[in-house]
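Let's take a walk through this model together. Have the sequence and the 3D view at hand, and we will go one element at a time.

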Amino acid sequence: MKTIVTLVGCLIGSCLFAGQVCAQSALVHIQGDQGNREAYFANFNVVFDRTPMDKILGPVQVRELDTTIVYEHPDKPEFSDLRLQFECVAKQTYDGKSIPQPAFDAPVRVRVGEGSWKLRREDIKSENLPAGEWRTSSSPVLLKLHKVACNEDVLRNAIIKAATAKNVDLFKKDIETIGLPSDFQLISQQRPPDYLTFAWTILWLEAKRPDPTGKWSRRPTKKETEEYNAKMEQLKKQYDQVASGIKSELEANIKKMDGESAFKKLAADIREGRRLSRNEFHMLTVWEGKTETDVGATMGAPITSTAGKLSFLSYGNEFDNRVIVGNRQGAVWEEGLYEHCNVQFVMHPDSNNTPRVVDVRIWASSNQIGKVRFACDGLLEVPK
């Protein structure tokens, strides 16, 4: 085992100095006794964000890491190619505040994602693997893979920094800050078949390779090579198409979120910390960001006015059943109830020049001080 570590340790230096091609994947972990060893490889070239949209701004993100396990034991597959999904604590809140990270040895949440598969040893055929449920684990290999998935940005920066300075020690120092061991090994291989070859030609060179089909004991024919290359090219195209679609969708979502964030900041600046009444707070919670069409669909036609870039949609109600009464002695007084309520929606154009609600202002008064019982009925509505 010492010889293997030394050999692979020599690879990391040449890999870092060879350029970007090596910044793709890593030999993360080897476990098991001879004859039953397993090698874990992680491709961090693309770590997908699988966070559900309703939790996209929350404190926990879901990151998916392509992980390949190569098996030595003859009763196991040649390899399993897993889409491992990990729950990662966000490093910052949406407004830029740092979030404390869990301890390096804290248990992790993980599941096997859709699209995982294995290559059977008995017939060299692929077989899809079902997606799994979320589970909590303290497995040493999963702790390492979790750190890769949740900190691939740190890995990339560490690679660039060390390659620029031509100093492997800088890489080792940087990855220790995220809990990865200093013997973490970068390799240039990027695909499951390449990992399979790496394991049997470098890691387990002294072992007898299980070969129930006889395909590993002879050189492939020209036809087999062409079929293999064609299949790999097809898989690459499918992968690129999926990645391109996900990237476009993700970029659109990020752009939308950035727009929403900018609009919320604009709305807050317009309100300038104005103290909201209880009704104003509740109304703003459901109306902020709604369009003029949304307001009109619920509230009806408003009285409109403008001031600069601001426009105002105003609605009012009034209740009055006051009467003047008197007695035989000539005294007169007023009886009955008078109250009024006004609701004003303040609009400002967003980045697409569509006016949207940035504030809701409510004025109400009554001749019974502190009590408005009827006039706001029908005005404090939620959007349809």
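In which sense do S10 and strand S11 (residues 310-320) pair, and over how many bridges? Keep in mind as you look that this is a predicted model. The two strands run antiparallel and are joined over five bridges. At one point along them, Ala307 stands opposite Leu310 in S11.

Now widen the view to the whole sheet. It is open and has four strands in the order S10-S11-S14-S15, with antiparallel pairing. Strand S10 (303-307) and strand S15 (355-366) form the edges, each pairing on one side only. On average, neighbouring strands of this sheet are turned by 20° against each other, direction ignored.

Two helices pack on this sheet. Helix H7 (residues 278-287) touches strand S14 (338-349) and S15, and its direction makes about 155° with that of S15. Helix H8 (residues 292-299) touches S11, S14 and S15, and here the direction makes about 15° with that of S11.

Let's turn next to helix H3 (residues 152-165). Its 14 residues reach 20 Å from the first C-alpha to the last, close to the 20 Å expected at 1.5 Å a residue. Which residues of H3 are buried? They are Glu152, Leu155, Ala158, Ile159 and Ala162. These residues lie on the same side of H3 because they cover an arc of only 115° around the axis. The general rule is that an α-helix has 3.6 residues a turn, so residues three or four places apart point the same way. On the face of H3 turned away from the buried side you will find the exposed residues Asn157, Ile160 and Thr164. Just after H3, Lys166 takes a positive phi of about 50°.

Conventions: Residues are numbered from 1 along each chain as its sequence is written. This is a predicted model: local features need pLDDT of at least 70, side-chain atom pairs count only at pLDDT 80 or more; totals for chains, interfaces and linings use all residues. Side-chain values use heavy atoms; hydrogens and water are left out. Two strands pair if DSSP finds at least two bridges between them. Axes are lines fitted to C-alpha atoms, for helices over the stretch in contact, and angles run from 0 to 180 degrees between N-to-C directions. Contact means heavy atoms within 4.5 Å. The expected span of a helix is 1.5 Å times one less than its number of residues. Buried means under 20% relative accessible area, exposed over 50%, partly exposed in between (1.4 Å probe, protein chains only). The arc is that of the directions from the helix axis to the C-beta atoms.
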